[in-house]
Amino acid sequence: PLGALTMSLQYDATRLKAVSCNVNAAFDLLLCNLAKSGVIQLAGVDASGIGTNTRVADLTFEILQPAR
């Protein structure tokens with residue numbers, strides 16, 4: 001089981017804007033930071049541990065510039 005996690009997801013901020021991060025309530029504490037353009041940071045803990053195949057968060061992006 002997973003007791004703690006930190007995650008940094010980088011994306012192209014010229015093409016996408018992160019608009020929401022809905023975290024999984026199964027964790028005791030899970031934080032999502034969208035403050036810095038181009039990076040989403042997640043950090044969480046769970047005292048009893050989270051098993052495999054657990055969704056961490058649902059991320060939503062706005063497309064600013066379509067790929068060519």
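Lys17 is partly exposed, its relative accessible area being 45%; buried means under 20%, exposed over 50% and partly exposed in between, with a 1.4 Å probe and protein chains only. The structure is a predicted model, in which local features need pLDDT of at least 70 and side-chain atom pairs count only at pLDDT 80 or more, while totals for chains, interfaces and linings use all residues. Residues are numbered from 1 along each chain as its sequence is written, and side-chain values use heavy atoms, with hydrogens and water left out.

Lys17 belongs to strand E2; strands (E, at least two residues) and helices (H or I, at least four) are DSSP runs numbered from the N terminus. When neighbours within four places in sequence are set aside, Lys17 contacts Thr60, Phe61, Glu62 and Leu64, contact meaning heavy atoms within 4.5 Å. Between the C-alpha atoms of Lys17 and Asn33, which are 16 residues apart along the chain, the separation is 13 Å.

Phe61 also takes part in the one aromatic pair found in a search of the whole structure. Rings of Phe, Tyr and Trp (its six-membered ring) pair if their centres lie within 6.5 Å; planes under 30 degrees apart count as stacked, over 60 as edge-to-face and the rest as tilted. The ring centres of Tyr11 and Phe61 are 5.2 Å apart and the planes are at 70°, so this pair is edge-to-face. Tyr11 is in the loop between E1 and strand E2 (16-23), whereas Phe61 is in strand E5 (residues 57-63), and the pair thus links distant parts of the chain, 50 residues apart. Tyr11 is buried at a relative accessible area of 15%, and Phe61 is partly exposed at 30%.

One disulfide is found in the whole structure, a disulfide being a pair of cysteine sulfur atoms within 2.5 Å. Cys21 and Cys32 form this bond, with sulfur atoms 2.1 Å apart. Cys21 lies in strand E2 and Cys32 in strand E3, so the pair ties together parts eleven residues apart in sequence. The disulfide is right-handed because the torsion about its S-S bond is about 110°. Cys21 is buried, at 17% relative accessibility, and Cys32 is partly exposed, at 26%.

Strand E3 is also part of an open sheet of three strands, in the order E1-E4-E3 and with antiparallel pairing; two strands pair if DSSP finds at least two bridges between them. Strand E1 (2-10) and strand E3 (29-33) are the edge strands, each pairing on one side only. Five bridges join E3 to strand E4 (residues 39-50) in the antiparallel sense, and Leu29 has Val45 in E4 as its bridge partner.
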